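Welcome! Here is a short briefing to read alongside the structure.

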Amino acid sequence: MYLETERLIIRPPKVEDSLEAYNFMKNEQATRFVGGQTNLKFKEFDVKFKILCKKYTTNSIYEYSVELKETNKYIGYSGFQDCDILHDTALIYGLKPEYWGLGYGFEAANITLEYGFKQLKLKQIKTAVHPANRSSEQILRKLGLKYTGEIDWPKQGILKVYAITKEEYAKDN
């Protein structure tokens, strides 16, 4: 899997991303709404990250690296998770704070969503967002996801659930 937008590359994670991914996961601001900071030391994180990189297979539900095309720098992730709490495939994305507010979140999530429906043949995609994360909610609405209710998420509290079907996506795109 390799996706390109005007400014971004969405690709499988590489072992070279490990330090940047670790720094992202140690950043309290960056991880505030995406499940919390890692408590691992770098060596432990690095081992797990390298295992994750080796597990990647084409056309899989996965978390991909987001790279800034202009610099080839890792700036975050976008992808999917099989989510037991939502009982569905969840859209996930997160960027380093210095890249917030520049449209990269929408750009990454949009191409990832398209990939999910067109290549992975998903029927529906859901996601959960913290009510205080208004920017992410705005991205989800712009992508065409609809608010479907709330869910009590362990360690994060009550989150808003958004969803979109393949048919709804196709109608808008």
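Helix α4 passes helix α5 in a right-handed crossing (the near helix is turned clockwise from the far one by less than a right angle). This is a predicted model, where local features need pLDDT of at least 70, side-chain atom pairs count only at pLDDT 80 or more, and totals for chains, interfaces and linings use all residues. Residues are numbered from 1 along each chain as its sequence is written, and side-chain values use heavy atoms, leaving out hydrogens and water.

**How α4 meets α5**

- The axes of α4 (residues 104–118) and α5 (residues 134–143) come within 10 Å and cross at roughly 40°.
- Gly105, Phe106, Ala109, Asn110 and Leu113 in α4 are in contact with Ile139, Lys142 and Leu143 in α5 (contact means heavy atoms within 4.5 Å).
- By class, this contact has 5 nonpolar, 2 polar and 1 charged residues.

**The buried face of α1**

- In helix α1 (residues 18–26), Ser18, Ala21, Tyr22 and Phe24 are buried (under 20% relative accessible area, with a 1.4 Å probe and protein chains only).
- Seen down the axis of α1, these buried residues fall within an arc of 160°, so they line one face of the helix.
- They pack against α2 (28–31), α3 (42–55), β4 (73–83) and β5 (88–95).

**His130 in its loop**

- His130 sits in the loop between β6 (124–129) and α5.
- Beyond its neighbours within four places in sequence, His130 is in contact with Phe33, Gln156 and Leu159.

Terms used
Buried < 20%, exposed > 50% of the residue type's maximum accessible area, 1.4 Å probe, protein only. Helix = DSSP H or I, 4+ residues; strand = E, 2+ residues; numbered from the N terminus. Arc of directions from axis to C-beta. Axes fitted to C-alpha atoms, helices over the stretch in contact; angles between N-to-C directions. Nonpolar A, V, L, I, M, F, W, Y, C, P; charged D, E, K, R; others polar.
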